[in-house]
Every structure is written in structure tokens, then in C-alpha cells.
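Morning, everyone. I'll keep this brief. Please have a look at the structure on the screen.

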Amino acid sequence: MIKDFNNIEQLCVDNIRMVCLEAIDRAQSGHLGAAMSGAPMIHTLFTKYINATCKNPNWINRDRFVLSTGHASSMLYAVLYLSNYIKKEDVINFRQLGSITSGHPERGTCPGVDASTGPLGQGVATAVGMAISERFMHNLFPEFIDHYTYCMCGDGDIEEGACQEALSLAGLQNLNKLIIIYDSNDIQLDGKVDKVLREDNKKKYEAMGFNYYLIKDGFNLEEVNKVLKKARKSDKPVFIETKTIIGYGTSGEASNKSHGSMLPKGEVAEIRKEFGGNEFDIDKEVYEYYEKNSVTRSRKAYNKWLRKYKSASEDRIKEFESYFDSSKIDYSLLPSFDEEDKKNYSLRKACTAILYNLQDQYKGLMGGSADLGSSVGTLGRDGDMSKENPTGRNILFGVREHAMGCIANGITAYGLRAFASSFFAFSDYMKDTIRIASIANIPTLFIFSHDSIAVGEDGPTHQPIEQLTAVRSIPNVMTFRPADANEAKVSYEIAMKTLDKPSVIVISRQNYDYVSPVVSDMYRGAYIASIEKGDLDGIIIASGSEVPISIKAQKLLEERGIYVRVVSMICNRLFDIQNEEYKEKILPNFMKKRMIVEMGDAIHMYKYLDNISGKSKVLNMTTFGTSGKLKDVLKHYGFYPENIVDEYLKIK
Ligand SMILES: Cc1ncc(C[n+]2csc(CCOP(=O)(O)OP(=O)(O)O)c2C)c(N)n1
Ligand SMILES: [Mg+2]
């Protein structure tokens, strides 16, 4: 790279490239290839288009920017540095323990990062969620919300199902302020892209409902600028393919050697020597350019918005802000369920009533299902969201679970609140989206029904076994498995009030035949669902639909003069953080005789047993289920009161 002070924009791009190379070289870790190929696009976006300001990185009307190629994080950090979000030391400390410039961008860790990215494909889908949110809010508050969602992606992204699912939906929804910029550098980690992907992108994305633009030379800044300008006037979402060269200017140029490998020792210093200046130096002209075209330009846009915002009526502002604030929900207004209701409601129906009530009280809540809305009972208010009805809060995701999880995360990260739902067996399609929500502290609501082998006839493919363990294992996730409508109501309330992590609510398919009144102990994760009627002999710990079966077993034992307690473990993570006194109240230490009843893998329940005394029994699933009538399947695997009694009596 040679400096050309007569071409300031090129000088900016090359300074960015130089700093990226040095940050990666110093860390001896990172991905230089995509930073070299993507630098012209990210530079153009930040200096000409993106309105977002370090003065208030959470400005609600900022343009959203998602770097779906999270591995190219160094170039994002470089422009965030030049735009005053972060310091030079942050760039120098790239990928070091405790630094805010982590290997892949992390929302909440580094200011200016709108989405945690790295798992390819998901960034694009998350951006679709943000674009949906923008359109929703723009239609309600055009004076406050009017911005674009930009997303840079790469070959790996567009090969991913989640990305394709999301783009297909974005086309259908006609999200015309969504601009996807695809770094088409022909290379990915294992080699040439055309060994694994050969498609006519123009035809493909036009067929999906996009306007497609090709930038033949992605390093031609005028061309990049011209196309971006056009893209902003589009009547459809935009897919811009920019042809570039991976690892440009390095010895690994145009080959997969430059994807993530380190350059030979001394090469970066050589490039710097030729370029001029010292390590991590930025030319004065570049600072000045960014100060004017990124920092000041954006700050002006922000100040202009702020003036307009402040001049709006108090009522209007209050109404606007209510979409981003769920704290006004009055939970005492949620429906209550008594013995009578169980005849009228399946747990799913009860959840529909709860969810409707929450949406009626809080207009920022929206969501839907992957074509199972009426089956899971998770329907949004105000009609189906569409181009014609952009404020409809029922999102028909189609059978696109992976994208649905990401889109819900995008909506929730935007500041609204989304729920995403399906059958529990298919939560596997969404697992990484729950995981990303957790890492990024996004409180998305994931709602699953058909939570056990009690699905019956649909058989083992539809009967979750290990899924409970899977979601309970994800750090920072609240997993609720309510046994009845009132437990479900409490689960929803806790989930809605939990703003720094996602919640997973798992409910049964079958009708529930048990109703407990709401008691305050339910809010502590586990409570005594049915107390022993005499001297305590042992404790049965269950969750979900196994609670009522266990209570029936309790009654049978009672007839024999054996008194057990049934504990409903609604959310083990919540119970685990209660104080010792409460834990002792529910699971007294002296009582070693305990039994777990769980119609799935129960690994997270073992900790409530006493391994030393051996006075314990676990009735759970260690194999897949089988197809058959619900009753027969439960009988086959021993999930009926008489068998629980038999198993309990075996505890010595
Ligand atoms: C879901 C997922 N699978 C695999 C990876 C590992 N990975 C990171 S970058 C990459 C190559 C992607 O190719 P491309 O988007 O063309 O990036 P480029 O080589 O151009 O930098 C792979 C496989 C990942 N981050 N996410
Ligand atoms: Mg590539």
C-alpha cells in the first residue's frame, strides 16, 4: 500500500487496513482476509451513510449496522475507533483477555456494536429483525423513527440456512430499508467458493423480492458510494454484491491462506515500512476526515433528531417510550385460573390468554411461530405483520425456526420485545439463537409446547428427550417448565421482568388436570405443590406435566400411610439462587429420600438428590420415545401414578 494524500478516501481505507493488520499481527490471532476486502465498504458506510453517534451509542433512531462476518471484527473496531467510540488502546488490545475488542463483536461489550456476531448467517437474520422493528416503529412514529439497517455479510453467511430463511422473509415482507452488502471475495476458509456455491445471485435474490446490485470492483470507492446511494431509495430490500479480493495487499492475497492465517513474520512491519509511520499510527488527514464525515456528520443528525424529539408533545413522547418499556405491565390483570378453568383450557390455551393480555398491556410485545402459532398458542395481536400491515404484531415466520430465533433477537435487541415459538423438539433448530441471546443479554422469549414423550402418536422425532437438558445447560438462560396455568402465569411474569437474559418457557401439549392457586413461593423457582399429610417419608421432585401425575402417586401412597411431598421445579436456575433457608424449607436436608420424575433427560435434577445415602430414585427418559397413543406411551415408559408408587417403594 502506498499513501496517496490526494486521494483522502483511499488513504482512509488503507489506514484502516494497516491498523487491522497490526492488531491481528500483535494478537497473532484474527482474520485479516475479510478486513482487507471489506474495508472500502465499511469505510463508505461509516463516513457517508451510517447515522449513529458515540455521543449516544444507544440512540434509538440510529442506523443499525450488523457485521455478520463477525470474524472481520478488526475492521469494525478500526472504524469505531476513528468514529470515537473506542480508544486506540482498545484496538491495540484486540482479542486480549478483558478487552472490549473481543475476537468477534459483542453487543454490550463494545460501544457501537449492535449485534453479537460470529456464528455465520445469524447476523443477517438478526438484521432482518432490526429492519422489521424499524418499519414497525416508523409506521407508528414516523417523526421519531426513520433509519436504515445495514448488514455486511460474506460467502459463509449466504451459504447458511438461517441467512437464506431470513432473506426470503425479508423479501416477502418487503423491508425496503434493509441493505445487505455482500463481500463477494470468492474465497472462504477451505478454498474457493465456487467449489461449494454456484448460484446466480441476481436471479436468486430478485426472485426473493430484493433489488440486486452488482459492484464489479468493490475497491472502487465511487462505485461503492454510487450504489449505496441508489440502495437507499429502493422500493424493495437491497442485496449488493461487491466483488473484492480477500487479503488484498498481503502475500496471501486472493487465496484462502489469507482468511485466518497469520502473515509470515516481518511481513506486516514491511507493509508498514512501505506505507510509512509507526505501528498503529493513523494519518492526521484520516482523523480529520473521520471527525468531519463520521463523528460530526452523525452528531448533527443526532442533535437534529433530539431537537425534534424534545419539541414533541409530552403525550406523544410518553406513547413512544412506552413501546420500549414493559415495566408498566400490571401483572394482577393477567387472567387467573381456577379448578373450573382446567376443563376449558389446555395449558397452551391458557398461555394464549396470558400472552394476549401481556400484548394488550404492552404494545412493544410481538412475535409468532414457525407455522405452529395456533398449535402452540402463541399468537400476536393486531393481525398478521405484512407490507400492508406493518404494525401487525403476529409474525408469520413460516417454517424458518433458525431465522425466527435470530429475528426475535433482532427485534428484542432493538428495544422492543419478541417471542418466538415452536414445538420443543424443534428448539434444536434454534438452540444457537437462544445461546446468542444469552451471550448478548437479549431478553427474547422462547416458547415451546409439546414438551415430552406425551406428544404421543407423532413419535420419537417429535418427542423431546434431551432438549430440556440442552436449554437448561445454556448459561444465563431461564428455563421454565410450568405444571399448570397459574405456574405458567408466574413463569411469564418472571420472564417479562427479566431484562438481561432470554427466557425459555416449555409447556405440555396435553390438557392439564391440576390447578394450584398462585403462591408467592412459585416466584422462587420451586415450591411445594402438594404438602405431605403426615410425617414426611420422602420428596418427589417433578416439573411440568409430571407434577400432577406425581400428586396422584402421592395420594396412592397416602392410602398406604406413606406421606410424601411433591415439589414442582418450575425453574431450577431460579431455585438454585435462592437462599439456604428457602431451599431448606422446600428440600429439607434431613430428608434424604427423594425421587425425580421427569419425562425427559433429567441431568439437571440429580443435584437435588443425595448421592451418599443412595436413598434416591430417578424416573426419567434415557432413550428416545415411541409412537403410540399418549396413554399407551406414558404407560410404556412408566409415567403413571401406580408405577411412580412402585418405584418410590423401591427406595431403601
Ligand atoms: C456457523 C459457522 N460455521 C463456521 C464458522 C467458522 N468460519 C468462520 S469464517 C468462515 C469462512 C467463511 O467464509 P467467508 O464468509 O467467505 O469469509 P472470508 O473467508 O471471505 O473471510 C468459517 C467457516 C462460523 N464462524 N460460523
Ligand atoms: Mg469470502
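**Metal site, cysteines, domains**

This is a predicted model. Let's start with the magnesium ion, ligand 2. Its protein donors are Asp155 through OD, Asn185 through OD1 and Ile187 through O, lying 2.1 Å from the ion. Along the chain, these donors follow the spacing D-x29-N-x1-I. Asp155 and Asn185 link distant parts of the chain, 30 residues apart. Asp155 belongs to helix α6, residues 155-159. Asn185 sits in the loop between β3 (178-184) and β4 (187-188). Are these two, Asp155 and Asn185, buried or exposed? Both are buried.

Next, the cysteines. How many disulfides are there? The count is zero. Take Cys20: the nearest cysteine sulfur belongs to Cys110, 13 Å away. Cys20 is also buried, at 1% relative accessibility. Now Cys571. Its closest cysteine sulfur is in Cys351, 15 Å off, so the gap is too far for a bond. Cys571 is buried as well, at 0% relative accessibility.

On to the domains. The assignment gives domain 1 (8-304), domain 2 (331-506) and domain 3 (524-649). I'll stay with domain 1 and domain 2. Their C-alpha centres lie 32 Å apart. Domain 1 puts 28 residues into the contact, and domain 2 puts in 27. Together they bury about 2500 Å², with carbon and sulfur atoms giving 65% of that area. Which three residues of domain 1 supply more of its buried area than any other three? Arg107, Gln122 and Phe136, with 25% of what domain 1 buries against domain 2.

How values were computed
Residues numbered from 1 in each chain as written. Chains lettered and ligands numbered in written order. Predicted model: local features only at pLDDT ≥ 70, side-chain atom pairs only at ≥ 80, totals over all residues. Heavy atoms only, no water. Donors = N, O, S within 2.8 Å, 3.2 Å for Na, K, Ca; no water. Helix = DSSP H or I, 4+ residues; strand = E, 2+ residues; numbered from the N terminus. Buried < 20%, exposed > 50% of the residue type's maximum accessible area, 1.4 Å probe, protein only. Disulfide = S-S within 2.5 Å. Domains from an automatic or database assignment. Contact = heavy atoms within 4.5 Å. Buried area = accessible area lost by both parts, 1.4 Å probe.
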